[in-house]
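Subject: Handover of the structure and notes on its contents

Dear colleague,

Please find the structure below, handed over for your own use. My notes on what was found in it follow.

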Amino acid sequence: MPSYKAPVADTLFLLYDVLGFDRHSNLPGFADAGRDTVETILEEGAKLCEKSFQPLNRSGDLQGCVRLANGDVTTPNGFKEAFKAFAEGGWIGLAAGPEYGGQGLPHTVAAAINEYASAANMALAMYAGLTQGAIAALVLHGSDEQKKLYLPKMIEGSWTGTMNLTEPHCGTDLGLIKTKAVPQGDGSYKITGQKIFISAGEHDMTENIVHLVLARIEGAPEGTKGISLFVAPKVLPGADGSLGERNAVSCGALEHKMGIHGNSTCVMNYDGATAWLVGEENRGLAAMFTMMNEARLGVGVQGLAQSDVAYQNAAAYAKDRLQGRSLTGAKEAAKPADPIIVHPDVRRTLLSIKAFNEAARALVLWTAIRGDVAHVSEDPKERQAGEDHMGLMTPIIKGVITDVGFDNAVKAQQMFGGHGYIAEWGMEQFVRDARIAMIYEGANGVQAMDLVGRKLPRDGGRAIMAFFKEVDGFLKDNAETQGSNRSSSR
Amino acid sequence: MWFMANAMGKPDNAGAGATDYMHLFGLVALGYMWARIAKTALEKQAEGDETMATKLVAGRFFMERMIPETATRLAAITAGAEAVMALPADAF
């Protein structure tokens, strides 16, 4: 019985009233980013998430994915149709280039839609999210031939994508990976090894899955300097894009997880799978790092999404549930008790979540805009400033919004008392789903080390100095602004 | 500043303070976001938008009750790594 309403008004307020999104309308990709267009896009996306994704959130969690004896994996009822609707609406390739079938919109708009999708159904949203990540990798590092072969199908959602990095003995320390790649003399390689924790690794929703895999070419150096990025599709495509033979990659087992049960997290076995190099030899980790900013932003958005949907349900419950009386005299004397929203501790809890969420959404959108500008601006100074901002802010967005987002899901659950512990109310699922965002895509302790060890000192502290300068400047410029003392609201 | 003075030669000081620093920075960044939101909300309210009052209350709540956590984080960071690193592994 949980529900979700996408915060379209708040997104628009932040984008246009606070952050000046339409200030960039002269930049490529931003011409279609005017308020009216984006409002329509957000409302359409919101509808899809609320009507198609959200109703499957609990059922998907209860049913989970199933691995059959032959290695096929089935997703929960309805997931295939909902994913198809998402794909057919053009949502996967919202920010991808029109030359490959994408909508060519700024990533900022995609980030807003991804928040709604993740809040409605995090497990289901991840099939599209992983595909977007794989698309980004191929856009940045794929050959023209690879782009032509893979991107149109992935953008239209006929093929999904995955990222295969982690192995049983290494996740954080990818320099230790053992998966090996043997050149075949014709430009292809054969990959052998085992990857674990692979989200959306195998499923029944599309005719092909495009696996991006980190592996060490035979003879390459040890450690991080010997890792290359490969593409190993589940079904080998013919030159004309038609589907040929099944590749030697399979789901060995499904991971039994704490949450996001609707997402098929797999052990993937590569048994001499045919693969092609993406980008340069031994530059695989560097290639992954170029995608790091967007990936971190995406996970931060997941943290915000769970925090928001949990808040919405807790606020609704607090206005409905009658228990006890207000400290300052009954507020609903005709009823057997007052709604628990009269209690200061309930308000304090709800406000702490709400106050965090609204600022976190602003931080995400601000950073997404800086990232978009960094990609398309013709001014090298603007590009550098945008990249500095992304590098500095994305570990914070990832680490802080997921840590606090999880805490918020727990606090929202607390508002339900005993019913928060009961699965049917949905609150415990938000907690279980939110938990993983603190761990994957770089565990939060590692994000913190990246911030302090790399991002702070980089370029003589240029990025952090720019941030301080901006904040100081804003505070100085607005020191005379009087705040409102009105505290009632309606 | 404390990191610059104390972590360059002693990396453990950076490691022990990193998570606290990340959260400290996060609070400051979110506080800056609230400042920008509040400025816009006041402008819109002055133009007659009555929905902005809720935002201003939430922003005030953030400043009064959530920003003070920065002091805790700063204390932890500047305490340094000594107690964090003092124990041998089998004391855990």
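The centres of domain 1 of chain A and domain 2 of chain A, taken over C-alpha atoms, are 24 Å apart. Please bear in mind from the start that this is a predicted model. In the domain assignment of chain A, domain 1 covers 8-288 and domain 2 covers 291-477.

**Confidence**

The average pLDDT of chain A is 95, and 98% of the residues score at least 70. Residues 484-490 of chain A are a stretch with pLDDT below 50, and this stretch has 9 contacts in the model beyond near neighbours in sequence.

**The contact between the two domains of chain A**

Between the two domains, 31 residues of domain 1 of chain A are in contact with 34 residues of domain 2 of chain A. On the domain 1 side, at least two residues each are supplied by α1 (8-18), α3 (57-63), α5 (107-120) and α6 (122-141) of chain A. The largest share of that side, 7 residues, belongs to α5(A). By residue type, the side of domain 1 of chain A that touches domain 2 of chain A comprises 17 nonpolar, 10 polar and 4 charged residues.

**Strands of chain A**

Strand β11 (residues 266-278) of chain A pairs in the antiparallel sense with strand β5 (residues 188-198) of chain A over 9 bridges. In this pairing, Thr274(A) of β11(A) has Lys190(A) opposite. Strand β10 (residues 249-254) of chain A also pairs with β11(A) in the antiparallel sense, over 5 bridges, with Leu254(A) and Cys266(A) as bridge partners. A further antiparallel pairing, over 3 bridges, links strand β7 (residues 227-233) of chain A to β11(A); here Phe230(A) has Leu277(A) as its bridge partner.

A parallel pairing is found elsewhere in chain A: β3(A) and strand β6 (residues 208-217) of chain A are joined by 6 bridges. Within this pair, Val210(A) in β6(A) is opposite Gly161(A). Strand β3 (residues 159-164) of chain A is mostly covered, with 6 of its 6 residues buried. In a regular strand, side chains alternate between the two faces of the sheet. In β3(A), Trp159(A), Gly161(A) and Met163(A) point one way, while Thr160(A), Thr162(A) and Asn164(A) point the other way, and all are buried.

Phe197(A) counts as buried because 20 other C-beta atoms lie within 10 Å. The second case is Ile260(A), a residue other than glycine, with a positive phi near 40 degrees. Ile260(A) is in the loop between β10 and β11 of chain A. With 27 other C-beta atoms within 10 Å, Ile260(A) is therefore buried.

**The contact between chains A and B**

The contact between the chains takes 33 residues from chain A and 32 residues from chain B. On the chain A side, two or more residues each come from α1, α10 (344-376), α11 (380-414), α13 (444-455) and α14 (462-477) of chain A. Helix α10(A) gives the largest share of this side, 10 residues. The side of chain A that touches chain B divides into 18 nonpolar, 11 polar and 4 charged residues.

**A buried arginine in chain B**

Is Arg73(B) buried or exposed? Arg73(B) counts as buried because it has 20 C-beta neighbours inside 10 Å. Arg73(B) lies in helix α4 (residues 69-78) of chain B. Not counting residues up to four places away in sequence, Arg73(B) touches Asp20(B), His23(B) and Leu24(B). Although Arg73(B) and Leu24(B) are 49 residues apart in sequence, their C-alpha atoms are 5.9 Å apart in space.

With kind regards

Key
Residues are numbered from 1 along each chain as its sequence is written. Chains are lettered from A and ligands numbered from 1 in the order in which they are written. This is a predicted model: local features need pLDDT of at least 70, side-chain atom pairs count only at pLDDT 80 or more; totals for chains, interfaces and linings use all residues. Domain bounds come from an automatic or database domain assignment. Two residues are in contact if their C-beta atoms, placed from the backbone, lie within 7 Å. Helices (H or I, at least four residues) and strands (E, at least two) are DSSP runs, numbered from the N terminus. Ala, Val, Leu, Ile, Met, Phe, Trp, Tyr, Cys and Pro count as nonpolar, Asp, Glu, Lys and Arg as charged, and the others, Gly among them, as polar. Two strands pair if DSSP finds at least two bridges between them. pLDDT is the predictor's confidence in each residue, from 0 to 100. A residue is buried if 20 or more other C-beta atoms lie within 10 Å of its own, exposed if 12 or fewer, and partly exposed in between; C-beta atoms are placed from the backbone.
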